[in-house]
There are 4 protein chains.
Amino acid sequence: MRNSFGKTFKVTTFGESHGVALGCVIDGCPAQISLKEEDIQRELDLRKPGQSKFATPRKENDKVRILSGVFEGKTLGTPIAMIVENKDVRSEDYGNLKEVFRPGHADFTWEVKFGVRDFRGGGRSSGRETVARVMAGAVAQKILEAEKATKEKKKGGKKTSGKIKIYAFAAEIGGIAGEKVDLDYIEKNPLRAADAKKEPLMEKEISSAAREGDSVGGIVEIIIKNVPAGLGEPVFGKLSSDLAAALCSIPAVKGIEFGAGFLSTKMRGSQNNDPLTSKNGKITFTKNDAGGLLGGISTGQDIIIRIAVKPTSSISKPQKTITKQGKNTQIEVKGRHDACIVPRLVPVAKNMVAIVLADHVLMQKRNLS
Amino acid sequence: MRNSFGKTFKVTTFGESHGVALGCVIDGCPAQISLKEEDIQRELDLRKPGQSKFATPRKENDKVRILSGVFEGKTLGTPIAMIVENKDVRSEDYGNLKEVFRPGHADFTWEVKFGVRDFRGGGRSSGRETVARVMAGAVAQKILEAEKATKEKKKGGKKTSGKIKIYAFAAEIGGIAGEKVDLDYIEKNPLRAADAKKEPLMEKEISSAAREGDSVGGIVEIIIKNVPAGLGEPVFGKLSSDLAAALCSIPAVKGIEFGAGFLSTKMRGSQNNDPLTSKNGKITFTKNDAGGLLGGISTGQDIIIRIAVKPTSSISKPQKTITKQGKNTQIEVKGRHDACIVPRLVPVAKNMVAIVLADHVLMQKRNLS
Amino acid sequence: MRNSFGKTFKVTTFGESHGVALGCVIDGCPAQISLKEEDIQRELDLRKPGQSKFATPRKENDKVRILSGVFEGKTLGTPIAMIVENKDVRSEDYGNLKEVFRPGHADFTWEVKFGVRDFRGGGRSSGRETVARVMAGAVAQKILEAEKATKEKKKGGKKTSGKIKIYAFAAEIGGIAGEKVDLDYIEKNPLRAADAKKEPLMEKEISSAAREGDSVGGIVEIIIKNVPAGLGEPVFGKLSSDLAAALCSIPAVKGIEFGAGFLSTKMRGSQNNDPLTSKNGKITFTKNDAGGLLGGISTGQDIIIRIAVKPTSSISKPQKTITKQGKNTQIEVKGRHDACIVPRLVPVAKNMVAIVLADHVLMQKRNLS
Amino acid sequence: MRNSFGKTFKVTTFGESHGVALGCVIDGCPAQISLKEEDIQRELDLRKPGQSKFATPRKENDKVRILSGVFEGKTLGTPIAMIVENKDVRSEDYGNLKEVFRPGHADFTWEVKFGVRDFRGGGRSSGRETVARVMAGAVAQKILEAEKATKEKKKGGKKTSGKIKIYAFAAEIGGIAGEKVDLDYIEKNPLRAADAKKEPLMEKEISSAAREGDSVGGIVEIIIKNVPAGLGEPVFGKLSSDLAAALCSIPAVKGIEFGAGFLSTKMRGSQNNDPLTSKNGKITFTKNDAGGLLGGISTGQDIIIRIAVKPTSSISKPQKTITKQGKNTQIEVKGRHDACIVPRLVPVAKNMVAIVLADHVLMQKRNLS
């Protein structure tokens with residue numbers, strides 16, 4: 001159970017890493033949104049393996065196929081089903097995993113939970129499952145675009161401040177933190193860093209770990225611009241709650257913070273509270289330690305999120321573990337994997353956030369009669 | 001919308017801070033669980049205001065009344081509705097809040113969202129709303145107890161390792177971190193600290209802030225013992241996802257981490273992975289950086305969570321803000337509030353976790369035929 | 001589980017017939033709807049026992065109390081909790097039901113299902129449970145009213161065709177079918193008949209059964225006027241599906257049909273299809289055998305529904321049955337009950353329909369961007 | 001929205017009649033259930049077009065492809081996605097439907113609802129959509145089988161009374177009602193009748209209508225055997241409610257009744273109530289007018305349901321209608337359609353019932369701790 005996310009924009013994903021296909025069904029996408037396969041493909045390509053030397057050499061072109069819900073370039077208001085078929089399935093690489101639990105992976109917990117598992121590349125617990133999230137997020141982004149157009153139309157063609165735009169980047173890798181945030185730089189480098197100066201240091205850190213058959217983690221930061229104030233449903237559908245659920249469901253994520261986050265625990269209230277102010281009739285805040293969220297509802301300021309990504313669990317260094325029968329043994333994880341998952345997690349995080357926002361934009365439509 | 005939490009153990013809460021009553025309805029509690037009003041009252045008393053000098057002097061005895069779902073001391077399998085009526089409602093204290101937005105509070109966002117709000121003490125955005133969560137959590141704890149009994153009965157009376165038990169405590173207040181963790185000490189001190197030596201320092205920190213009309217934040221740590229392996233539903237109902245959603249929905253929470261959390265981002269994979277091992281036929285792990293969760297599913301190790309609690313937003317120090325009409329002004333928040341909310345947030349966090357676990361224990365029942 | 005109804009206008013009900021209180025929580029009511037306790041009370045009074053000589057003599061004034069979600073006469077967008085406390089609880093009347101299963105009632109099935117039951121007056125399986133549905137329906141009706149006002153405001157004050165209005169009446173009682181449909185007559189007679197000539201015959205039929213310690217059933221017809229075309233969500237949220245679920249959840253309902261219903265099975269397609277036609281630019285149909293629904297979506301014609309209500313199960317005539325221990329015995333059901341439940345089921349059906357429509361009106365808001 | 005059905009066994013369907021593919025995703029199927037593509041194909045073949053001379057000549061082999069959730073012949077506990085690709089798509093047949101609304105179809109309501117529609121063969125409002133329901137129902141049937149095995153295993157190999165078995169058949173076609181019910185005959189005749197003597201008369205009726213370019217309707221009866229007592233969730237998840245919702249969501253269904261249904265409205269309570277009795281320690285009922293449901297919960301008796309199926313809307317006889325622009329016109333519906341949809345609706349009804357039962361069997365697992 002629980003392979004769906006969202007309440008009004010509802011995404012159900014399916015698929016195993018080495019099964020026939022991965023995909024999703026979106027129920028709740030409004031009718032009349034422009035949508036082409038290229039819109040999806042562009043996002044998938046940012047996540048695709050094989051883009052940097054540190055990413056898995058698995059050859060998947062991850063070509064999307066829309067099965068339903070779109071007619072003559074527009075959404076129908078009916079479920080949008082999309083799939084990516086698995087091509088480069090070398091299950092033999094994973095044969096040994098049938099009997100041994102990889103440390104850091106969900107092999108053991110999955111076995112206990114279901115009493116059965118598709119051990120080929122982790123089955124559904126594989127990071128490859130996130131392909132489906134990216135597809136759904138691409139559609140969510142189209143909704144956010146359409147919203148802006150609708151709003152402008154309602155205001156008689158008057159330009160609004162801009163569509164909701166989500167940026168995600170590698171804020172830290174292997175302990176090397178970016179300092180500058182250049183949003184334009186993100187898609188220009190394979191690490192998805194936002195600081196051109198720190199990027200080579202991050203790369204060096206990954207290389208060093210990779211050489212030793214080891215891996216590194218990092219922090220992904222997400223900045224959401226142009227969010228209208230008022231998104232987020234009290235008390236269990238707060239934007240903070242939904243974003244936390246969305247992002248903590250991504251494999252390897254071990255923590256999340258909003259705005260000043262853990263740092264705010266050391267502040268006084270007088271420091272931490274963001275004063276409101278009015279400038280030329282526009283309401284704003286003099287700073288943004290809240291990260292754009294008060295009471296879990298958007299304030300209209302940038303929403304700022306940071307997530308902790310643990311180092312890739314698959315490493316070729318020998319590790320102690322046990323067999324399915326409970327015998328102590330050692331494992332060197334072969335197969336194809338990333339020495340640092342942060343760069344490829346960036347588009348996944350961005351698209352999960354897009355799903356949350358599309359859901360809330362649609363939800364907010366019915367709070368006022 | 002979105003005032004419900006849980007899928008199989010479903011809790012819907014209602015109520016405004018200065019309305020007639022706060023309460024909840026639980027749909028999905030199994031039949032034949034022993035339940036008395038005292039079970040609920042005990043938990044409410046731990047959250048009740050007026051227990052320490054730093055807590056709000058508002059006089060609420062928070063007396064629970066079960067309206068349905070229980071007959072002759074046992075649950076019926078029908079919805080359990082419970083309420084606490086509001087007694088000490090001094091709305092006059094809040095009259096000035098009708099026109100002014102308090103910094104750090106949800107006043108502004110709520111106004112934008114709904115175009116109307118109950119300004120008395122924050123209405124539903126008040127921390128008082130968490131009374132309902134504690135009531136529901138108390139019932140969840142009874143389910144966790146009953147589960148153990150059931151399991152033992154099935155095993156022919158053989159003792160199992162113990163019922164799922166949740167501990168929460170103030171791990172850090174105003175920058176003062178506890179070092180020792182003495183779980184027995186928690187309910188013996190008003191700050192809900194687990195370190196008797198550090199507690200006076202924490203108290204000093206709160207006092208100092210309070211004297212200045214200011215406030216402090218802190219970190220709540222939650223340790224869950226005796227969790228069976230296999231709880232958590234992939235991929236969007238991971239235990240980590242549900243716990244993050246549950247805890248980030250509590251007012252003032254700005255971050256969460258599991259196990260090594262943000263620290264794991266600086267580790268190598270070989271350091272971070274927890275090796276599995278087998279001792280006398282029992283499968284375990286040699287350490288627990290994963291915080292008891294792999295792939296979002298429980299490993300059988302302790303689940304370890306830390307949440308960031310920002311300093312109380314209500315402070316009597318003057319702050320810059322604006323009126324509803326957008327005029328710049330200043331505010332000194334009167335009324336009754338806590339200089340540090342951490343101690344009273346402890347039982348709330350514990351009970352939200354109980355709700356998540358009861359939900360997952362019931363959910364797991366149908367994963368195997 | 002499953003004590004909630006609706007997706008966007010979500011109603012959760014609770015309460016046992018002889019428990020402390022019955023009530024509901026509505027999650028999803030938009031903000032800024034006018035709502036007073038009198039709005040609820042008016043509907044409750046139509047359902048209240050003791051209005052005709054055939055209804056149960058149980059004395060319940062069914063006085064509603066709103067606990068949350070309303071402030072200064074307007075909804076807040078937060079959950080609306082409402083209760084009616086039970087007053088005239090004479091559990092002694094039901095003492096014998098502890099050990100014996102009443103034929104036609106849910107005593108046996110409930111016992112098997114939960115292994116425990118509140119035997120006093122049927123507990124939650126009692127018709128008294130419908131009090132909560134009427135409360136929620138009263139709020140739903142306010143939303144339907146507000147929708148009209150909103151629509152007119154958008155159209156610059158231009159009058160629209162009228163608000164969605166639901167009529168329900170006793171179309172047949174004890175085999176006596178009404179012929180004329182006078183909607184104004186419904187609330188003027190205790191049987192809620194729409195045919196003044198047939199009403200005395202219906203009354204005679206009930207009297208005759210009552211004298212013999214027996215009961216009669218009947219048919220409730222529901223006509224919904226001014227429904228905008230386009231309500232209903234394909235494919236599992238069709239208006240027909242949701243109405244069927246809503247109405248078949250009412251105790252004693254054993255069937256439902258839309259428009260020509262079972263009669264249409266004997267027609268040819270050329271007879272049954274309703275031709276579309278255009279008159280002065282207005283699209284309409286030349287007849288309405290479809291009962292206002294095509295593909296489960298409203299056509300803009302009146303929606304016409306008929307539900308089959310079985311004769312009241314509680315009769316004082318002796319009946320064969322068994323004890324909880326499986327011993328054959330006889331029962332004469334004492335207590336206070338209606339010789340015909342149809343008149344009191346009329347407001348329940350009307351309000352369940354109101355809940356469905358409010359839900360769909362809100363749902364439709366997000367099908368177009 | 002609302003393309004999902006079920007709470008614990010949750011089915012989401014997608015696809016348009018002339019789109020790329022139709023399919024479904026099942027979330028909530030327990031792990032370790034045997035499942036092969038043949039299990040699905042067998043059910044699809046019973047629904048497949050082209051089996052009788054009255055069915056549409058559209059050539060679709062409706063070959064199922066399982067995309068996920070099954071590994072080495074067993075379910076994994078992960079989502080099961082299945083598709084059937086559309087092959088014989090002759091959209092040119094439907095070109096004229098772009099501008100004209102077919103009477104009896106959802107063309108008009110769909111256009112109003114979404115402002116856009118896939119007019120090719122009705123798009124998603126086509127009966128072809130039910131392919132997905134049959135696939136999901138086939139999996140549901142496997143769960144019902146597995147349940148029996150599990151129960152027997154728990155009872156130490158002792159045989160239980162049999163697995164839940166669902167029979168559906170054409171009880172009436174074009175006004176010709178079957179009298180005998182021979183369950184073995186159903187799959188032996190293309191009309192899916194249960195009365196070998198009446199079948200030729202039914203066939204004659206369809207032929208006669210077909211010759212005139214017209215169509216006929218009928219009644220499908222469903223009998224469910226070996227249902228354990230206690231299935232059904234009060235108060236909105238009653239088995240009657242869920243079955244009504246499931247069956248009324250099937251295109252062309254205009255009514256439903258349980259047991260004596262509409263006939264019970266003319267009975268006295270003393271006639272209608274089914275007396276309980278105990279025979280050799282086994283609890284049973286002396287008759288079954290309730291149709292196996294009391295308070296919406298199964299009694300252990302056969303569940304008996306009848307649904308009203310209107311005559312096929314697509315007829316080649318000329319009919320009055322309007323164009324999209326509101327101009328009065330005439331239409332003769334070409335394309336490929338069934339003169340009577342009842343026979344092909346039989347497997348759809350059976351499989352929708354299977355989905356409801358699997359859902360409730362899994363739901364019941366958590367009502368007792």
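How many residues does the contact take from chain D and from chain C? In this predicted model, where local features need pLDDT of at least 70, side-chain atom pairs count only at pLDDT 80 or more and totals for chains, interfaces and linings use all residues, the contact (heavy atoms within 4.5 Å) takes 107 residues from chain D and 107 residues from chain C. Residues are numbered from 1 along each chain as its sequence is written, chains are lettered from A in the order in which they are written, and side-chain values use heavy atoms, with hydrogens and water left out.

**View 1. Area buried between chain D and chain C.** About 8,300 Å² is buried here, 58% of it given by carbon and sulfur atoms; buried area is the accessible area (1.4 Å probe) that two parts lose on being put together, summed over both. On the side of chain D, Arg2(D), Lys113(D) and Phe236(D) lose the most area to chain C, together 12% of what that side buries.

**View 2. A salt bridge between the chains.** Arg268(C) and Glu212(D) meet through their side chains at 3.3 Å, N to O, in a salt bridge (a side-chain nitrogen of Lys or Arg within 4 Å of a carboxyl oxygen of Asp or Glu). The count between chain D and chain C is 10 salt bridges.

**View 3. The sheet and its pairing between chains.** Strands (DSSP runs of E, at least two residues, numbered from the N terminus) pair if DSSP finds at least two bridges between them. E11(C) and E11(D) pair in the antiparallel sense over three bridges, with Ile256(D) as the bridge partner of Ile256(C).

Methods:
Helix = DSSP H or I, 4+ residues; strand = E, 2+ residues; numbered from the N terminus.
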